[in-house]
Amino acid sequence: MTMWPSADESQALQLSLSVALRSVLFSLPVALSVAWLLTRRRFLGRTLLDAFVHLPLVLPPVMVGYVLLLLLGSRGPIGGWLQNEFGIHLIFTRNGAAVATAVMSFPLMVRAMRLSLETVERGLEEAARTLGAGAIDRFATITLPLMLPGLLAGAVTAFSAALGEFGAVITFVSNIPGETRTLPLALYTALQTPGGEPAAARLALMSFGLGMGGLLLSEWFARRVRRLLGR
Amino acid sequence: MFSVAVKKRRGAFELDAQFESPTPGVVALFGRSGSGKSTLVHIVAGLLDADAGRIVLDDRLILDTGTDVNEPAERRRIGVVFQDSRLFPHLSVAGNLNYGRKRAAPPFFVTLDAVADLLGIGALMGRRTHQLSGGERQRVAIGRALLSQPRLLLLDEPLASIDASRRGELLPYLESLRDELAIPMAYVSHDFDEVLRLATHLVLMDRGRTIAQGDLSAMSLHPELRAIIGAEAVGAIIEGTVLGMDAASCLMRIRVGQGEIRVESISAAAGSKLRVQLLARDLIVATSAPRDLSVRNVLEGIVCQVAGDSGGSDLITIDIGGAFIMARVTHAATRELALTPGKRAWALVKSVSLRGHVGGSLHAGA
């Protein structure tokens with residue numbers, strides 16, 4: 001057995017990284033807004049929103065993929081609109097895979113951001129206010145920099161989780177080599193193929209390395225920023 | 001003129017505060033913990049909404065719930081120094097100072113160099129905020145507030161989070177703020193020593209209400225103040241003018257009212273004005289000119305009020321010509337000396353405390 005990955009396998013790796021990166025970019029601004037709403041605002045249905053955000057953690061991923069298929073598929077209410085108005089295709093594409101992983105890792109991201117937003121002292125924002133900073137100014141210059149460690153830790157965790165998403169992806173965008181066949185899908189395919197064990201082992205090793213690297217990177221980064229803030 | 005009248009209900013606590021103080025000058029909001037001082041500061045700063053009220057600073061209407069005027073905090077231009085300094089941990093000292101400076105609007109009355117000089121923080125510029133001591137943090141916080149070019153500076157117990165032994169180091173900085181920048185200040189404290197060093201005007205607060213107010217000299221003899229600081233700390237705070245050094249005794253001569261007292265040599269130029277505190281318990285009253293005594297400081301005047309205090313003594317207020325002092329004597333002494341208003345009296349001063357420069361005026365209308 002050779003340790004060197006085949007062209008198909010490195011393609012799966014590249015695709016996984018690309019999908020995970022897109023997924024984080026999609027969910028980051030949304031997660032930030034939702035985290036801010038849940039931490040800073042008291043409104044009707046807040047508990048409901050909180051529960052809804054956490055749904056992907058408890059639902060079968062295949063079901064999430066199925067719901068996405070219904071909503072974002074070519075004939076779905078949102079998917080159809082996106083296709084007709086903007087020419088955006090999500091189904092059977094890597095962007096679709098990114099959306100599926102974004103939804104699945106969304107609770108992790110929101111959770112990390114909420115935790116870090118709660119550590120930002122409101123008193124500092126008040127101080128900025130008395131110094132002449134308006135709402136957006138305050139958020140950009142005080143709140144965001146202070147929650148950066150948590151924000152980045154959340155992003156890295158979500159990225160790592162996105163690399164491993166299987167059920168929602170295969171249900172929503174299928175298993176197309178070079179377009180939606182990410183590492184876990186390639187691993188599954190290899191296991192289904194006679195004599196595919198060496199490939200499966202290599203793919204498993206890659207997944208392991210990526211996950212471990214991501215977690216270590218996130219920890220290292222959080223420490224660095226904490227030291228910068230003197231905590 | 002800085003005038004405030006606000007109402008606010010927060011659960012069981014009700015704030016109903018009203019005061020007016022001359023500008024520039026330092027108005028001290030003084031009272032026990034929980035008397036509503038901090039709530040009042042938050043309302044004036046705009047960080048808390050009043051249920052009803054009106055705030056006017058000089059010619060500027062800041063809040064008037066009657067006509068729906070309510071300037072947002074970020075446009076009030078009221079600098080706040082918080083008890084816990086609230087420096088931004090992700091910025092350096094220079095970054096903190098510049099935060100307010102960049103967002104300031106004219107008129108600019110103080111520069112970065114002047115602030116660094118005044119507060120002695122020039123050498124700290126490159127430091128991270130967590131490397132600062134408590135006193136340094138507060139100096140940076142004061143500088144940051146000043147550089148936002150505020151029209152009013154609110155100081156909310158700025159010394160409370162500093163070690164008691166080091167508080168004295170910060171007071172001179174606050175004094176020079178008062179004396180060198182003519183910025184109106186409101187100083188919140190529950191420590192009377194700070195108040196009598198800094199304040200020119202005093203507002204007493206108790207359970208959410210402003211119970212008495214006036215210039216510092218008048219307030220120093222006020223019964224409500226007595227109730228808060230206790231009989232031992234009661235005493236007149238008056239303005240003294242340095243006359244010069246007495247060559248023979250090497251004592252500094254200071255004029256108070258129409259009289260004169262001499263104190264151990266201090267460095268003060270002739271003509272400068274000092275805060276003189278004469279504690280009621282340190283005065284002895286005589287009804288004839290005293291002779292053959294070791295006490296050298298004697299002030300002559302007319303008794304103008306005799307009031308009993310809770311501890312079985314009487315407080316005798318004596319007009320020494322343009323200023324009032326207060327002595328504490330026993331009921332028996334009051335009877336035997338027949339101390340009644342109008343009677344001529346001499347007060348023997350056992351000890352004098354000097355509380356820094358006057359900084360403005362301690363007497364209304366002066």
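**The interface of chain A and chain B**

Modeller: Across the interface of chain A and chain B, 6 residue pairs are in polar contact, with both residues at pLDDT 80 or more. A polar contact is a pair of N or O atoms within 3.5 Å; within protein, one atom must be able to donate a hydrogen and the other to accept it, and residues adjacent in sequence count only if both atoms are side-chain atoms. This is a predicted model, in which local features need pLDDT of at least 70 and side-chain atom pairs count only at pLDDT 80 or more, while totals for chains, interfaces and linings use all residues. Residues are numbered from 1 along each chain as its sequence is written, chains are lettered from A and ligands numbered from 1 in the order in which they are written, and side-chain values use heavy atoms, with hydrogens and water left out.

Between chain A and chain B there are also 3 salt bridges (a side-chain nitrogen of Lys or Arg within 4 Å of a carboxyl oxygen of Asp or Glu). A:Glu126 makes a salt bridge with B:Arg86, and their closest N and O atoms lie 2.9 Å apart.

On the side of chain A that touches chain B, the elements giving two or more residues are helix H6 (122–130), helix H7 (135–164) and helix H10 (197–229). Here helices (H or I, at least four residues) and strands (E, at least two) are DSSP runs, numbered from the N terminus. H6(A) provides the largest share of that side, 7 residues. By class, the side holds 10 nonpolar, 6 polar and 5 charged residues; Ala, Val, Leu, Ile, Met, Phe, Trp, Tyr, Cys and Pro count as nonpolar, Asp, Glu, Lys and Arg as charged, and the others, Gly among them, as polar.

In total, the contact (heavy atoms within 4.5 Å) draws 21 residues from chain A and 22 residues from chain B. The two chains bury about 1900 Å² between them, 61% of it on carbon and sulfur atoms.

Terms used
Buried area = accessible area lost by both parts, 1.4 Å probe.
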